[in-house]
Amino acid sequence: MTICAESSSLSSGSGAKVWLAHGLILGAAVAAATGAYFLHRSKGFRSRVIGIIPARYASSRFEGKPLVNILGKPMIQRTWERAKLASSLDTVVVATDDERIAECCRGFGADVIMTSESCRNGAERCSEALQKLAKSYDIVVNIQGDEPLIEPEIIDGIVQALQRAPDAVFSTAVTALKPEYAFDTNRVKCVVNNNGYAIYFSRGLIPFNKSGEVNQKFPYLLHLGIQSYDTEFLKIYPKLEPTPLQLEEDLEQLKVLENGYKMKVIKVDHDAHGVDTPEDVEKMEAIMREKNIE
């Protein structure tokens, strides 16, 4: 797999290409907690990495989604198996508040950390799980359980991006947005600056031009639901108050940006296939059959 701009080579089974994205440096007011964080944080290599798959049973759109059967296996198992292929992860665990999910995961060999029902999003669940781990880690990768075809090299790519950006506390990935998803609010869009840092995320189409229509020539970016955090920042994250943009868009990434933290972004060549609704299960199975994935 090839990485451009900050070039390096990663081992890859699928040969997918990853590019570091670019844009202009975001200027933001830094909260007091942000200043304290940057004053005390370590700028080491961040070599110890854990992958955490946050999973909850209750969901307004798709209750019990982690346990849905995808060609004979629970979706959470398929995600765990893909994550285990990432060379950058020392270990992979599932963090859940539901015993049904925990029992299922233990059944196929996954380590499970029980977390509280009060976690408001995946980042908070990862943060709580981090506090309960016996070992310490430098980076936590939040792996969304509803994209069972996530590429292991994308996980490796965002880990490497965070390791190479000591001024960032967060890294994530984007890919090309298909025109048919331009106004789909379940597909989160992203814009980045010339230095490869995120400027903004939105459920709406960004950038949005005066015509109000999709510009077929513009390279819109789709945010993939995978992200990695510096562990010292992840301990701080739940203590940060919800921010206006975060609440309006219902996107946890915006709380990071609104508090002045930097987020590194890599651009990847990836066909995003998430399972958001029960109707997506059949589509996922069709894709897996087409790719001969058992």
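Author: Start with Lys132. Its relative accessibility is 48%, so Lys132 counts as partly exposed. Buried means under 20% relative accessible area, exposed over 50%, and partly exposed in between, with a 1.4 Å probe and protein chains only.

Reader: What does the side chain of Lys132 meet in a salt bridge?

Author: The side chain of Glu128, at 3.1 Å from N to O. A salt bridge here is a side-chain nitrogen of Lys or Arg within 4 Å of a carboxyl oxygen of Asp or Glu. Side chains of opposite charge can pair when their charged atoms come close.

Reader: Where do these values come from?

Author: This is a predicted model: local features need pLDDT of at least 70, side-chain atom pairs count only at pLDDT 80 or more, and totals for chains, interfaces and linings use all residues. Residues are numbered from 1 along each chain as its sequence is written, and side-chain values use heavy atoms, leaving out hydrogens and water.

Reader: What pLDDT does the protein chain average?

Author: 84, and 85% of the residues score at least 70. pLDDT is the predictor's confidence in each residue, from 0 to 100.

Reader: Where does pLDDT stay under 50?

Author: Over residues 1–43. The model has 108 contacts beyond four places in sequence for that stretch. Contact means heavy atoms within 4.5 Å.

Reader: Back to charges. How many salt bridges does the structure hold?

Author: 16. One of them joins Lys178 and Asp271, with the closest N and O atoms 3.3 Å apart. That pair links distant parts of the chain, 93 residues apart. Lys178 is in the loop between β10 (170–176) and β11 (189–192). Asp271 is in the loop between β14 (263–268) and α9 (279–290).

Reader: Is Asp271 buried or partly exposed?

Author: Partly exposed, at 38% relative accessibility. Lys178 is partly exposed too, at 32%.

Reader: And what about Lys235 and Glu232, how are they separated?

Author: By about one helical turn, because they sit 3 residues apart in helix α6 (residues 231–236).

Reader: New topic. How many aromatic pairs does the count come to?

Author: 5 aromatic pairs. Rings of Phe, Tyr and Trp (its six-membered ring) pair if their centres lie within 6.5 Å; planes under 30 degrees apart count as stacked, over 60 as edge-to-face, the rest as tilted. Phe218 and Tyr220 form a tilted pair, 5.0 Å centre to centre with 50° between the planes. Phe218 is partly exposed at 37%, whereas Tyr220 is buried at 7%.

Reader: What sort of aromatic pair do Phe233 and Tyr237 form?

Author: An edge-to-face pair, 6.1 Å centre to centre, with 70° between the planes. Phe233 and Tyr237 are both buried. With Tyr261, they form one aromatic cluster.

Reader: Which residue lies over the face of Tyr237?

Author: Lys255, at 4.0 Å from the ring centre. A charge sits over a ring if NZ of Lys or CZ of Arg is within 6 Å of the ring centre and within 35 degrees of the ring normal. Lys262 lies over the face of Tyr197, at 5.1 Å.

Terms used. Helices (H or I, at least four residues) and strands (E, at least two) are DSSP runs, numbered from the N terminus.
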